[in-house]
Amino acid sequence: MYDLETKIQIFAQLILDAKNIVALTGAGLGTESGIADFRSPGTGLWEKVNPSEFASIHSYVSDTKKNLDFMLEMGMNIFKAKPHKGHKALTKLQKLGKLTGILTQNIDGLHQKAHSKHVVELHGTAYEAICMGCDKVYPITIMIDQVMSGKFSPSCEVCNGLLKPNAIFFGEPLRSETLSQADKMIEACDLLLVLGSSLLVYPVAFYPRKALSLGAKLAIINIQETDMDYNAEVVIHDKIGDILPLIVSIVEKEVEKGHQ
Ligand SMILES: NC(=O)c1ccc[n+]([C@@H]2O[C@H](COP(=O)([O-])OP(=O)(O)OC[C@H]3O[C@@H](n4cnc5c(N)ncnc54)[C@H](O)[C@@H]3O)[C@@H](O)[C@H]2O)c1
Ligand SMILES: [Zn+2]
């Protein structure tokens with residue numbers, strides 16, 4: 001068993017040795033910005049609400065008001081959230097030329113707020129609404145304004161269809177163009193960084209397996225254990241905001257040395 005300092009060194013060396021690095025981020029990256037994840041013991045949203053009653057497409061259509069109350073509360077928390085040291089460390093890594101892109105399960109837009117580039121939002125975004133009738137996309141404010149003025153079936157101005165947040169609900173497929181972008185990134189990477197994901201939600205949970213089968217290496221930062229821990233070169237069970245900046249500062253020093 002290596003100590004934390006050694007694991008941080010190993011993590012940094014993996015980054016320095018790799019040529020095409022992709023980060024796969026999950027709700028655990030949002031917690032230090034004040035956004036609850038789903039599965040952390042004690043604080044995860046699924047300890048408070050039943051997933052089949054909220055955030056599934058079936059429950060949204062059958063009881064829109066109840067779902068909107070829950071989503072508005074979650075949304076308001078997301079809109080006021082700011083990126084933390086972990087998001088910023090990823091942006092830094094990208095500026096150092098050591099991160100090709102980010103595949104995120106998060107809908108919170110915090111990678112973009114931290115100025116990261118090439119972010120693929122696998123589960124959509126909380127910042128948009130989409131019409132379930134004609135697929136027209138609106139800023140989420142259009143939908144919120146309707147709900148706040150008492151219209152609990154917010155509707156599309158073109159076809160009058162029901163609007164929903166443009167995030168993937170349980171029971172909905174992921175977008176095919178998003179999936180093919182993600183596939184290309186996973187196929188091309190030689191190092192996959194898994195940051196703050198329980199790796200229990202498919203198809204994302206499949207990406208580390210796919211990357212490994214194609215010869216890439218895996219490095220994980222997650223408070224809890226994941227099923228992929230034994231397949232990773234290094235696993236750190238700690239907070240991303242505490243650990244990732246330490247790793248990136250080692251990488252930065254080495255990259256700077258290389259340029260001198
Ligand atoms: N921020 C968001 O946008 C947000 C918030 C809640 C849920 N979601 C959705 O939740 C689904 C759940 O899947 P998931 O795997 O992303 O999340 P998850 O809740 O299943 O797992 C989160 C993991 O992150 C770990 N974690 C929590 N805080 C951490 C920290 N500070 N540092 C390191 N690890 C930490 C936990 O131990 C847990 O294993 C996703 O589909 C996502 O779309 C997103
Ligand atoms: Zn419409």
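D135 is found in the loop between β4 (124–131) and β5 (137–139), where helices (H or I, at least four residues) and strands (E, at least two) are DSSP runs numbered from the N terminus. Its phi is near 70°, a positive value in a residue other than glycine. D135 is exposed, with a relative accessible area of 53%; buried means under 20% relative accessible area, exposed over 50% and partly exposed in between (1.4 Å probe, protein chains only).

This is a predicted model, in which local features need pLDDT of at least 70, side-chain atom pairs count only at pLDDT 80 or more, and totals for chains, interfaces and linings use all residues. Residues are numbered from 1 along each chain as its sequence is written, chains are lettered from A and ligands numbered from 1 in the order in which they are written, and side-chain values use heavy atoms, with hydrogens and water left out.

A positive phi, near 55°, also occurs at L199, a residue other than glycine. L199 is found in the loop between β7 and α8 and counts as buried, at 5% relative accessibility. P203 is likewise found in the loop between β7 (191–195) and α8 (206–213), and the peptide bond from Y202 to P203 is cis, with omega near 5°. Most residues other than glycine have a negative phi, and most peptide bonds are trans.

Ligand 1 is surrounded by 28 residues, the closest being E32, R39, Q105, H123 and S198; a residue is near a molecule if one of its heavy atoms lies within 4 Å of it. The shell divides into 10 nonpolar, 12 polar and six charged residues. Here Ala, Val, Leu, Ile, Met, Phe, Trp, Tyr, Cys and Pro count as nonpolar, Asp, Glu, Lys and Arg as charged, and the others, Gly among them, as polar.

| Protein group | Atom of ligand 1 | Distance |
|---|---|---|
| E32 side chain | nitrogen | 2.7 Å |
| H123 side chain | oxygen | 2.6 Å |
| I223 backbone | nitrogen | 3.1 Å |

Taken alone, ligand 1 exposes 870 Å², of which the protein buries 97%; accessible areas come from the Shrake-Rupley method with a 1.4 Å probe.

Three aromatic pairs are found in the whole structure. Rings of Phe, Tyr and Trp (its six-membered ring) pair if their centres lie within 6.5 Å, and planes under 30 degrees apart count as stacked, over 60 as edge-to-face and the rest as tilted. Y60 and F169 form an edge-to-face pair, with 5.4 Å centre to centre and 75° between the planes. Both Y60 and F169 are buried.

How values were computed. A polar contact is a pair of N or O atoms within 3.5 Å; within protein, one must be able to donate a hydrogen and the other to accept it, and residues adjacent in sequence count only if both atoms are side-chain atoms.
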